[in-house]
Amino acid sequence: MKDKIYIEGLLRHDKKILENIYKNFSKRIEIHIVKNGGTVEDARDTFQDALMVIYNKSQSKDFELTSQFYTYLFGIVRFIWIRKSQRSHH
């Protein structure tokens, strides 16, 4: 699966891969967050948080990317955003 290059790049702290991830995926994440009541800043924070989750999870020797990278990233972003939204409404 070609999307594994994103995981490998994250693990190596590869600047080109990180730039590629931001270029390819951050705008779609931003649109989703803003459409769901967040700000551009919320989107940036959530995107960064999701990348950290992926980085931490991918350090496990048991980790295996079984979907497209964006699908995995979006699922994590969605989960993080729902939790942040719930906290801000309480």
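Me: What makes Val40 and Ala43 contacts of Glu30?
Reply: Contact here means heavy atoms within 4.5 Å. Setting aside neighbours within four places in sequence, Glu30 is in contact with Val40 and Ala43. Before we go on, this is a predicted model, where local features need pLDDT of at least 70, side-chain atom pairs count only at pLDDT 80 or more, and totals for chains, interfaces and linings use all residues. Residues are numbered from 1 along each chain as its sequence is written, and side-chain values use heavy atoms, with hydrogens and water left out.

Me: Why is Glu30 called buried?
Reply: Glu30 sits in helix α2, residues 15-35; helices are DSSP runs (H or I, at least four residues), numbered from the N terminus. Its relative accessible area is 18%, and the label buried goes to anything under 20%, with exposed over 50% and partly exposed in between (1.4 Å probe, protein chains only). So Glu30 counts as buried.

Me: And why does Glu41 count as partly exposed?
Reply: Glu41 comes out at 44% relative accessibility, so it counts as partly exposed. It belongs to helix α3, and its C-alpha atom is 8.7 Å from that of Glu30, 11 residues apart along the chain.

Me: What about the loop between α2 and α3: why does Gly38 count as buried?
Reply: Gly38 has 12% relative accessibility, which means it counts as buried. Residues up to four places away in sequence aside, Gly38 touches Ile33 and Trp81. From the C-alpha of Gly38 to that of Arg28, 10 residues apart along the chain, is 13 Å.

Me: Why are α3 and α4 described as oblique to each other?
Reply: The axes of α3 (residues 40-58) and α4 (residues 69-88) cross at roughly 120° and come within 9 Å. Each axis is a line fitted to C-alpha atoms over the stretch in contact, with angles from 0 to 180 degrees between N-to-C directions. Under 35 degrees would be roughly parallel, over 145 roughly antiparallel, 65 to 115 roughly perpendicular, and the rest is oblique. That is why α3 and α4 go down as oblique. The crossing is also right-handed.

Me: What residues meet there, by class?
Reply: The contact of α3 with α4 has 12 nonpolar, 1 polar and 5 charged residues. Nonpolar covers Ala, Val, Leu, Ile, Met, Phe, Trp, Tyr, Cys and Pro, charged covers Asp, Glu, Lys and Arg, and the others, Gly among them, are polar. The α3 side includes Phe47, Leu51 and Ile54, and the α4 side includes Leu73, Ile76 and Trp81.

Me: How do you know that α1 and α2 are oblique to each other?
Reply: Their axes are 8 Å apart and pack at an angle of about 130°. Therefore α1 and α2 are oblique to each other. Among the residues that meet are Tyr6 and Leu10 in α1, with Ile17 and Phe25 in α2. The classes in this contact are 7 nonpolar, 3 polar and 1 charged.

Me: What makes the aromatic pair of Tyr6 and Phe69 tilted?
Reply: Rings of Phe, Tyr and Trp (its six-membered ring) pair if their centres lie within 6.5 Å, and planes under 30 degrees apart are stacked, over 60 edge-to-face and the rest tilted. Tyr6 and Phe69 lie 4.9 Å centre to centre with 40° between the planes, a tilted pair. The pair links distant parts of the chain, with Tyr6 in α1 and Phe69 in α4, 63 residues apart.

Me: Last one: why does His13 count as exposed?
Reply: His13 has 56% relative accessibility, so it counts as exposed. His13 is in the loop between α1 and α2, and its phi is near 60°, a positive value in a residue other than glycine. Most residues other than glycine have a negative phi.

Terms used
Helices (H or I, at least four residues) and strands (E, at least two) are DSSP runs, numbered from the N terminus. A crossing is left-handed if the near helix is turned anticlockwise from the far one by less than a right angle, and right-handed if clockwise.
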